[in-house]
Amino acid sequence: MGMACFIVDALLTGAQLPRHLRSIRQSGLPDHLVPIIVTNTCTDARLALLEQRYHVHGLITPPLTLGARLNQAAYISQSEWLLIALHKTPMAAPLWIELYPQLDTYALDALMIGSDPRRFSERLLQHFLGSTVTIPPYIAIRWSWLERLGGFDPELDESALVDFLQRIYACPTRIRTISSAYSAHNPGLTI
């Protein structure tokens, strides 16, 4: 099993897919250390070009929903950590090089990347109101913890992400949140 693997869904990221891939590859990490799996529901000439240019593995699964596609990619990767794009916003390349060493720990199950940390009062209010969770641009999750949570709901498409994040917060998951602004303003500090 490798240390980490990126999973990016072509339908979820849409036209921003090349920017996600460029950001990951510009991080300076060798291609063999950080594989990228791009999921999609159909073959696409553009995806074939992106596979060659950014050294990614395309996973075409026509009948599957978003939740099932992400589960399939996680199963194929078998990496210790999965870094999954959760919406269109790509992250800056310097964030990845700072983030990667932080994954070498057993005191963490998940890492919310690129979102502002919520205060306890906000989380408590959100819990009582039953409102949906905020979806960060990326999540890093330990493969064993993803498996323990049951993965993404294979029956759900767009709502699979919210359902998964709700289960993460409902379980005793050891979570850390990293804001992209924090990293940009404090380049010398560890996350």
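Tutor: We may begin with a single residue and its surroundings, bearing in mind that the model is predicted. Setting aside residues up to four places away in sequence, Cys5 touches Pro35, Ile37, Ser77, Ser79, Trp81, Leu82 and Leu83.

Student: Is Cys5 buried or exposed?

Tutor: Cys5 is found in strand E1. The cut-off for a buried residue is under 20% relative accessible area. Cys5 has a relative accessibility of 1%, so Cys5 counts as buried.

Student: How far apart in space are Cys5 and Ile37, C-alpha to C-alpha?

Tutor: Ile37 is among the residues that Cys5 touches. In sequence the two are 32 residues apart. In space, C-alpha to C-alpha, the separation of Cys5 and Ile37 is 7.5 Å.

Student: How many of the residues of strand E1 are buried?

Tutor: Strand E1 covers residues 4-9. Ala4, Phe6 and Val8 point one way from E1, whereas Cys5, Ile7 and Asp9 point the other way, and all are buried. E1 is thus described as mostly covered, and the number of its buried residues is six of six.

Student: Which strands pair with E1 in the parallel sense?

Tutor: One partner lies at residues 81-85, where E4 pairs with E1 in the parallel sense over four bridges; Trp81 in E4 is the bridge partner of Ala4. Another lies at residues 36-40, and that parallel pairing with E1 also has four bridges. There, the bridge partner of Phe6 is Ile36, and that of Ile7 is Ile37. The strands asked for are E4 and E2.

Student: Why is E2 largely enclosed by the rest of the structure?

Tutor: From E2, Ile36, Val38 and Asn40 point one way and Ile37 and Thr39 the other way, and all are buried. E2 is largely enclosed by the rest of the structure because its buried residues number five of five.

Student: Which residue of E3 is the bridge partner of Val38?

Tutor: E3 spans residues 57-60 and pairs with E2 in the parallel sense over four bridges. Within E3, the bridge partner of Val38 is Gly58.

Student: What is the relative accessible area of Pro136?

Tutor: Pro136 is placed in the loop between helix H6 (120-129) and strand E6 (138-142). Pro136 and Leu111, 25 residues apart in sequence, are 9.9 Å apart in space, C-alpha to C-alpha. Pro136 is buried, and its relative accessible area is 1%.

Student: What is the volume of the largest cavity?

Tutor: A search of the whole structure finds one cavity of 30 Å³ or more. Its lining consists of Phe6, Leu29, Leu83, Trp96, Leu99, Tyr100 and Leu103. By class, the lining has seven nonpolar, no polar and no charged residues. The volume of the largest cavity is about 40 Å³.

Student: What percentage of the residues in the protein is buried?

Tutor: The protein contains nine helices and seven strands. Of the 191 residues in the protein, the buried share is 46%.

Student: Among contacts between residues at least 6 apart in sequence, what percentage joins residues at least 24 apart?

Tutor: A contact requires heavy atoms within 4.5 Å. Among the contacts between residues at least 6 apart in sequence, the share that joins residues at least 24 apart is 75%.

Methods: Residues numbered from 1 in each chain as written. Predicted model: local features only at pLDDT ≥ 70, side-chain atom pairs only at ≥ 80, totals over all residues. Heavy atoms only, no water. 1 Å grid on protein atoms, 1.4 Å probe; cavity = no way out; pocket = protein on both sides within 12 Å on 5 of 7 lines; lining within 4 Å. Points joined across faces, edges and corners; volume = space filled by probe spheres on them. Nonpolar A, V, L, I, M, F, W, Y, C, P; charged D, E, K, R; others polar. Helix = DSSP H or I, 4+ residues; strand = E, 2+ residues; numbered from the N terminus. Buried < 20%, exposed > 50% of the residue type's maximum accessible area, 1.4 Å probe, protein only. Pairing = 2+ DSSP bridges.
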